[in-house]
Amino acid sequence: MRQRKSTVLLKKMPTDKAPGSDGFNGLFLKKCWQIVKEDFYNLCNDFYTGNIRMDSINTSFITLVPKVTNPETVNDYRPISLMNISPKLVAKLLADRLQAVIKDLIHKNQYGFIKKRTIQDCLACSFEYIRQCHHSRREAIILKLDFEKAFDTVEHQSILQIMEHMGFPQRWLMWTDLILSLGSSAVLINGVPGKFFKCKRGVRQGDPLSPLLFVLAAELLQILVNKAASLNLLTAPIPQPSDDFPIVQYADDTLLLMQADARQLIFLKALLNSFADSTGLKVNYKKSQMLPINVSTERMEHLAHTFGCSIGSFPFTYLGLPMGTSKPRMEDLTPLMDRVERRLSGCATWLSYSGRLEMVNIAITPIVTYALGTIKLPKGVKENIDRIRKQCLWRGNSEKKRGGNLVA
């Protein structure tokens, strides 16, 4: 853990993130680095040799962030861990080292949290798979798999075993175990923390190392499916240029393309159950979907009943965008336009002009830019979004203000 590397990573740390139970964030560390740096250097050296107990500092607050507009149950919230600044810096050092080599350890169909692999690459790959299957005229299905609380249920021991199988040295396994096994958390309710409890499984969302550890655990699914394909137990819907079975993974958002065959579906379900027993990543079959490509309705009902999931239709939503066998229509992008309108409707009236300008640039424009990075928006969608942005900027969402837009 070189001192120079710690200093470089410190400069990259954001200054405005919410602090953990110690009350310190990146701004404090940057301002007081000359005072506390020797303590952090000693912490990193002790962590490197394993001569440290992380119990007292490896704590975090869990804040619940709503996933939907009107949350009603616990499942409608996403738990985000607010870590102490000391273990966060150590985890950032490990994540920076792992990021440099992780592309050599995982298959090319994994896109989440990997540098130089973007979400647009993931979407483009998915569109291309679907297009090729559709034009081949062969019967195929797409399985959109939903994993139950994936980040919160992955087993620590499974992560360590997968890392050992991949060839990680014992020192790395020791470091990972120190981060995972000695962590404790407390849930914030109305800003007040509850009792601390030990984290027996799951990776903490908010820990810089956690996303990469989850990617390593999810890699096991691609390995198992490739092994089954090599034994002719699973067959790709169309010939592939590589030995990788067509799975597209972005964190826990998974698409799997295969032949429309009931026997293969039965085997795949058994394989997914074995994967769940090994890693803790269980598929929620009630929320998973099966989408047909060149398959009749009667045959789809039989296949969906065999697998135990519902039948979806094109276009379906993947990573926030409509995905299908043809170009998206204006009605397919209605959720995108509604999302843009909801962002401004609640508070644009109360903002000043400069505040509305900041809101358009930071909160609204990125939503459109994300969609434009993958698909060509219909003319009507672009005009509607431009109308919403102009209304937010010039009138502040108020119908009382009349007149044209100002010009420079």
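## A guided tour, stop by stop

Start by selecting Lys67, Arg78, Lys149 and Lys287, which gather in a surface patch of positive charge. Lys and Arg count as positive and Asp and Glu as negative, while His and the chain ends are not counted. A patch takes residues with over 30% relative accessible area and no salt bridge, joining like charges within 9 Å; the place of a charge is NZ of Lys, CZ of Arg, CG of Asp or CD of Glu. Areas come from the Shrake-Rupley method with a 1.4 Å probe, and for residues only the protein chains shown count as cover.

Before moving on, note that this is a predicted model, where local features need pLDDT of at least 70 and side-chain atom pairs count only at pLDDT 80 or more, while totals for chains, interfaces and linings use all residues. Residues are numbered from 1 along each chain as its sequence is written, and side-chain values use heavy atoms, with hydrogens and water left out.

Now zoom in on Lys67, in the loop between β1 (59-66) and β2 (77-83). Helices (H or I, at least four residues) and strands (E, at least two) are DSSP runs, numbered from the N terminus. Lys67 is partly exposed because its relative accessibility is 41%; buried means under 20% relative accessible area, exposed over 50%, and partly exposed in between.

Next, select α9, residues 210-230. Of its 21 residues, 15 are buried. After α9 comes Asn232, with a positive phi near 65°.

How many salt bridges are there? The count is nine, each being a side-chain nitrogen of Lys or Arg within 4 Å of a carboxyl oxygen of Asp or Glu.

- Glu139 and Arg299 form a salt bridge at 3.1 Å, N to O. Glu139 is in the loop between α5 (119-136) and β3 (140-145) and Arg299 in helix α11 (residues 297-307), so the pair ties together parts 160 residues apart in sequence.
- Arg201 pairs with Glu155, their closest N and O atoms 3.9 Å apart. Arg201 sits in the loop between β6 (197-198) and α9, and Glu155 in the loop between α6 (150-153) and α7 (156-166), so this link joins parts 46 residues apart in sequence.
- Asp386 pairs with Arg389 at 3.2 Å between the closest N and O atoms. Both lie in helix α14 (residues 379-395), three residues apart, about one turn of the helix.

Definitions and conventions. Patch = residues over 30% accessible without salt bridge, like charges linked within 9 Å, V, L, I, M, F, W, Y side chains within 5 Å. Buried < 20%, exposed > 50% of the residue type's maximum accessible area, 1.4 Å probe, protein only.
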